[in-house]
Amino acid sequence: MATLAARAVPKHVAFTQRTLEALKPQPTGFLEYYDTKTAGLALRVLPTGKKTFYFNYRVPNERRSARWKLGRFPSLTVDQARAMVEKAQVQLREGVDPNPK
């Protein structure tokens, strides 16, 4: 489980390939960064250096938040992750949960 200090300050970054490649892990806990261009798109950096894209959203017609694991960076590019989130946002506007589970 991540330490409270690691979760305390979310960071907002303009996601680019170069910017995400330059992100360094911390020795304990994880860091989470949010894209300034695409709402809900996040990147989690684990202490091992693994970087994973997530989409954070509200489930339609429910009072809860959800997190959808999109894939690992750099196998999944910034543009691919943004495209997935944009499609998911369309589904959310239609009242459909975009997570295929």
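I looked up Glu32 and found a relative accessibility of 10%, so Glu32 counts as buried. (Buried is under 20% relative accessible area, exposed is over 50%, and partly exposed lies in between, with a 1.4 Å probe and protein chains only.)

I note that this is a predicted model, where local features need pLDDT of at least 70, side-chain atom pairs count only at pLDDT 80 or more, and totals for chains, interfaces and linings use all residues. Residues are numbered from 1 along each chain as its sequence is written, and side-chain values use heavy atoms, with hydrogens and water left out.

Next I looked for salt bridges, meaning a side-chain nitrogen of Lys or Arg within 4 Å of a carboxyl oxygen of Asp or Glu. I got four by this rule.

Glu32 pairs with Arg67, with 3.0 Å between the closest N and O atoms. This pair joins distant parts of the chain, as Glu32 lies in strand S2 (residues 31-35) and Arg67 in strand S5 (residues 65-73), 35 residues apart. (Helices are DSSP runs of H or I with at least four residues, strands are runs of E with at least two, and both are numbered from the N terminus.) Arg67 is partly exposed at 33%.

Asp35 forms a salt bridge with Arg82, and the closest N and O atoms are 2.9 Å apart. I placed Asp35 in strand S2 and Arg82 in helix H3 (residues 78-93), distant parts of the chain 47 residues apart. Asp35 is buried at 6%, and Arg82 is buried at 10%.

Arg64 and Glu62 form a salt bridge with closest N and O atoms 2.6 Å apart.
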